[in-house]
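I opened this notebook to keep a record of what I looked up in one protein model, entry by entry. My plan was to begin with the terms and then go from the whole chain down to single residues.

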Amino acid sequence: MAIYGFADLHCHQFANLGFGGVEFFGSPSGTLQDSLPWCTSAHGPGGIGDVAAEVMRFVYNYPFGIGHKVGGYPQFDGWPRFDSLTHQVVHREWLERAWRGGMRLMVMLAVNNEWMAHFPMMARADGNDGTDMQAAWFQVEGAKELQDEIDSDCGGPGKGWYRIVNDPMEALDVMRAGKLAVVLGIEVDYLFNSYRPLDASSFPQLDPTTIPPWVPPPFPALDEAGVRAAVKDAYDRGVRYVFPIHFANNMFGGSAYQNGLAYSEIDLQNEVQNPVTLNTPWGAFLKPNRMVTVPDPVLGFAQRNVEGLTPLGETLLRELMGYGMMFDLDHMSYQSRQDSLALAEQEQYPVVSGHTGFNDILMGKKHNETQLSLLDVDRIRRLGGMVAPIILQGNISEVQTWTRPDGTSVPHVIGVSTNTFAQAYLYAVEKMQGGPVALGTDFNGFAGVPGPRAGSDVYPDQGTVVFGPVLPEATYPFTTGEGVVMDQCVAGERTFHIDYDGLAHVGLLPDLIADLQAMGVRPEELDPLLHSAEGFANVWKKAWLRDGALVRTGDGTVWVIYGQARFHVPDPGTLQGLFPNTQVRETSSNVDGIPQVPVDGTLLREGNGTIWVIAGGARFHVPDPVIQRALFGTAPVHQLWDHAMDGVPVVPRDGTLLREQDGTVWVVLDGARLHVPDPPTLGRLYGGEPIIQLWDGAADSIPTAPNDGAVFREERGTLWGIVGGARLPVADPAVLDGYIGGRTILLVWNDALAALPTVPKDGTTLKEMGSDQTYMVEGGRLVQAAGADHVEVLWHGALAGLPKT
C-alpha cells in the first residue's frame, strides 16, 4: 500500500549552530517562547547589527536597507517573514504542524559558510571556530538532541514523531507508523576539510601581497585515505546524504558559477556581470570563490566553470556508493555534474537534485550552469533518482509559464511566489514521467522563500508584477489528502495566511500544497509530491541495495545484496573469501522487506561454476558460455557460494512471458507453461507485456499442468478447473462461489488447455462441496473411498462427467 506524505529534501533546521553560532537567530528546540524571543540580543536594536542580512542583500541584489523589525515571540511582527534570511523558520512546533499536514520525510542538512563566519563584525559563539566541519557536527548532534527532547515529551525513547533514520527500510517503517523520517546530511563548501592549497599563485592577477579576507585553516591536504576515513566517520555519526561540492571549488571538483560569492578571471578584467568585490556598508570586500570560466553559447551560459570532478572527487563518490549514501548534484559546475552522472550511470546508482531549477523555463541570470537541463533530468530519472524544485524559483522576468502538453497552464502572473514555484513543479512532474517530485525548501539557507500572492507585501521591485488573471487564493480550513482538517497557523499573537504572508515558515508547507490546488494544479499532478516521501525512501533503497553491498543485522547475520535481493552469507570464511575488502554496513532495521529473489536479468555464479539467470522471479541454469555471451553479453556475473541459489524458485511468477531462440513464446500461469499459439493471440491477451528472451529448451523444466485449484476462462467463455493435473469443465460460473476464494480466474485463448487430460491422475482423492461421498481415482475411474488424508473439495457438479466404477 502506497505511503501518503510529502518530502522536503533540503532543510537547514539547525543553521543557528552554523555561521559562527550567533548571527543566525533562534533555536528549533524548546518552546516558541524560550527559543524565538525578540532577536535584539543577536541583531541589535532595530536589527541594525544583522551583518549577514545586509551582506546577503548585496549578494542577491535585494533593495538597500539597514535593520529590520526584531519582534519575535509573542508578537512575531518582525519575523518569521518571507524576506527574512537570518531567523529560525523550522522550529519544532512549526515542523510538527507540517508533519500533521502530511510531511513524512525531511533531509536535515548541516550548513555553514566559513567566509561569512569570519566576515568583519560577525560575532562567533565561544568555542565556535566558524569552520565547516565543526559547524556540521554541531548541527548533526543538535538534531539528535532534538529527537531526544521530542521523545521525552512524547513518553520516552522511540515514542516521538521526529525520527532520525539510518537506512531506507527504517525510513519506510517510520513513515508507515505515521511519523517524520529525518535523514541527516551535510551541505558545506569544504566537505571533510577539502580545502585547496592557498598561496599567491591561486590569485595570479592580483597583487601577490593581497590575500582574501578569509584564509582556510591549516588542515592537512586531503588524500584518498583521508576521504575513506572521513566517509566512514560521517556514516558512523549518522550522516546519509551529502553535497560533494557547494559554493566553492574544492578538492572534489568545480562549483557552479552562479552564486554571489564567486568571481572569475573575466571578472578581474571586467567588473560588470559579477563584480570581484562586494560593496557593502562596511566597504568593499573581495569575493572568496575564484573560478576559471568560459562562455558557452551552445548551452546558453554567459559563463561556466571549466573545472569538473577531480580524481579525488571520484574517490569520494565511490566511497559514498559503498555505504549506500545519497549524494546531491546541485551546486556542481556543469562539467562536475556531467562527470558525476557518467559515474553514476556506470555504477547504475541513483542520484538526487534536491533544490533545483530547470533551464528550459528559466531566463536571464537564472539560466545558468547550476540548473538542470532536460537531458540532466532524463538521466536522473533513468537512474531511478529524483528531483525537487527549490521553492523560490525567481521573478516574473526569470521564470516562464509552463504549458502542459494539452495546451493548458497555471499562468505565471505573479513572481517570487507559490505561483512561480508551480511552473517549476509542473515541469518536473511532466519530465519525471511519473517519478517522485519533492520540495526543496532551503529553509534557513539564506535562499529566500516564496512571497505573498496578495496583500500589501507583494512588492514589484523584485520583478513581481501581475501579468494576467488573478488566480484563486487558498481557503481555510482545508483538508489534506489524509483527511486532516487544517485552519490557519497561529503562533503567539500572529495568524498566518499562505497568500498574504508567503511561505513564512515550515509549518505552512501543507498550506503551500493547498495553494497549488487553488491555483489549478490537478490532483494527478500533485500525486508525485504527495507520495514523494516514500519515493525518496525507494530511491535511497536502490542505492542502499547496490550490488555487492554487505549488511549486518543486529543478530550478527551478514547479508550480501545482488539484484536488489539479500543472500545470507553462511560463515566468516565465505565472507572473507568472497568479500575481503568490502565494508560491512550495520543496520538495526528489519531486513525482511528486502526481497530474497533478485530482479529479472541478474546473473549469479555459484562456487561450482553454475551460472543462473533470473527470469520472472525464477532461476534458470545458463547451459554454456556461448549462450551466456549471445543473450547477456557483458552483463556482470555475481559470485556466490555453492547452494546460495537453492531458495530461489524454479517456476516463474504468473504472467511471465518467455521467448526461446526458435521463437516459441510461453506464458506462465499458475505454475505451468502454456504455448502461446500465434502473434495475434500474444498481442490480444498480453499486448505491451515484456517478453524475456531465453535459449531453446529453457522452459522445459516448467510443468505443463497448472497447480490444482487453478481456474481458467477461455476467450469464448468456457470455464475449466484444474484438479489432479486434469481439466474439469465448470458448467455454471455460479457454482464456483465458495470454491475459488480469493483466487483469480485466469484468461486464456480457446483450447489453451486442450493438451491436459480430462481425468485426474490416479491417487487423487476428491469430493464435491456439501457431499459426504469421497472418491479416489484409480485406473482413470472414480472409486468410492473413505479415510483419505487429503481430499480435494470441488464445486457442485465437478464429478458429473467422470467415469465411475
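Before anything else I wrote down what burial means: a residue is buried under 20% relative accessible area, exposed over 50%, and partly exposed in between, with a 1.4 Å probe and protein chains only. I noted that this is a predicted model, in which local features need pLDDT of at least 70 and side-chain atom pairs count only at pLDDT 80 or more, while totals for chains, interfaces and linings use all residues. Residues are numbered from 1 along each chain as its sequence is written, and side-chain values use heavy atoms, with hydrogens and water left out.

**Entry 1: the whole protein**

I looked up the extent of the C-alpha trace and found that it spans about 110 × 60 × 55 Å along the principal axes of the protein. The protein has 805 residues, and buried ones make up 57% of them. I then read off 20 helices and 38 strands, where helices (H or I, at least four residues) and strands (E, at least two) are DSSP runs numbered from the N terminus. The protein exposes about 31100 Å², of which carbon and sulfur atoms supply 52%; such areas come from the Shrake-Rupley method with a 1.4 Å probe, and for residues only the protein chains shown count as cover. For contacts (heavy atoms within 4.5 Å), I took those between residues at least 6 apart in sequence, and 71% of them join residues at least 24 apart.

**Entry 2: R240**

Leaving out residues up to four places away in sequence, I listed what R240 touches, including V165, N166, Y235, M326 and W540. I also checked R240 against S152, which is 88 residues away along the chain, and their C-alpha atoms are separated by 25 Å.

**Entry 3: the nonpolar cores**

A nonpolar core is a set of buried Ala, Val, Leu, Ile, Met, Phe, Trp, Tyr and Cys residues joined through side-chain atoms within 4.5 Å. The largest one has 151 residues, and those with the most contacts inside it are L9, L105, Y162, F192, F443 and F536. Helix α13 gives the most to this core, with 8 residues. Apart from it lies another core, of 19 residues, among them V665, V676, F712 and A752.

**Entry 4: how α13 packs**

Two packed helices are described by the angle between their axes and the distance between the axes. Axes are lines fitted to C-alpha atoms, for helices over the stretch in contact, and angles run from 0 to 180 degrees between N-to-C directions. Helix α13 (residues 418-431) and helix α16 (residues 523-530) pack at about 85 degrees, with their axes 10 Å apart. The two are therefore roughly perpendicular, a term for angles of 65 to 115 degrees, whereas under 35 is roughly parallel, over 145 roughly antiparallel and the rest oblique. Y425, L426 and V429 of α13 meet E525, L526, P528 and L529 of α16.

I next took α13 with helix α15 (residues 509-519), where the angle is about 80 degrees and the axes are 10 Å apart. That makes α13 roughly perpendicular to α15. T418, N419, F421 and A422 of α13 make this contact with L512, D515, L516 and M519 of α15.

**Entry 5: the backbone in loops**

Most residues other than glycine have a negative phi, and most peptide bonds are trans. In the loop between α3 (51-59) and α4 (92-100) I found P74, which a cis peptide bond joins to Y73, with omega about 0 degrees. F76 lies in the loop between α3 and α4, and F76 has a positive phi of about 50 degrees although it is not a glycine. F76 counts as buried, at 0% relative accessibility. The peptide bond from W79 to P80 is cis, with omega near 5 degrees.
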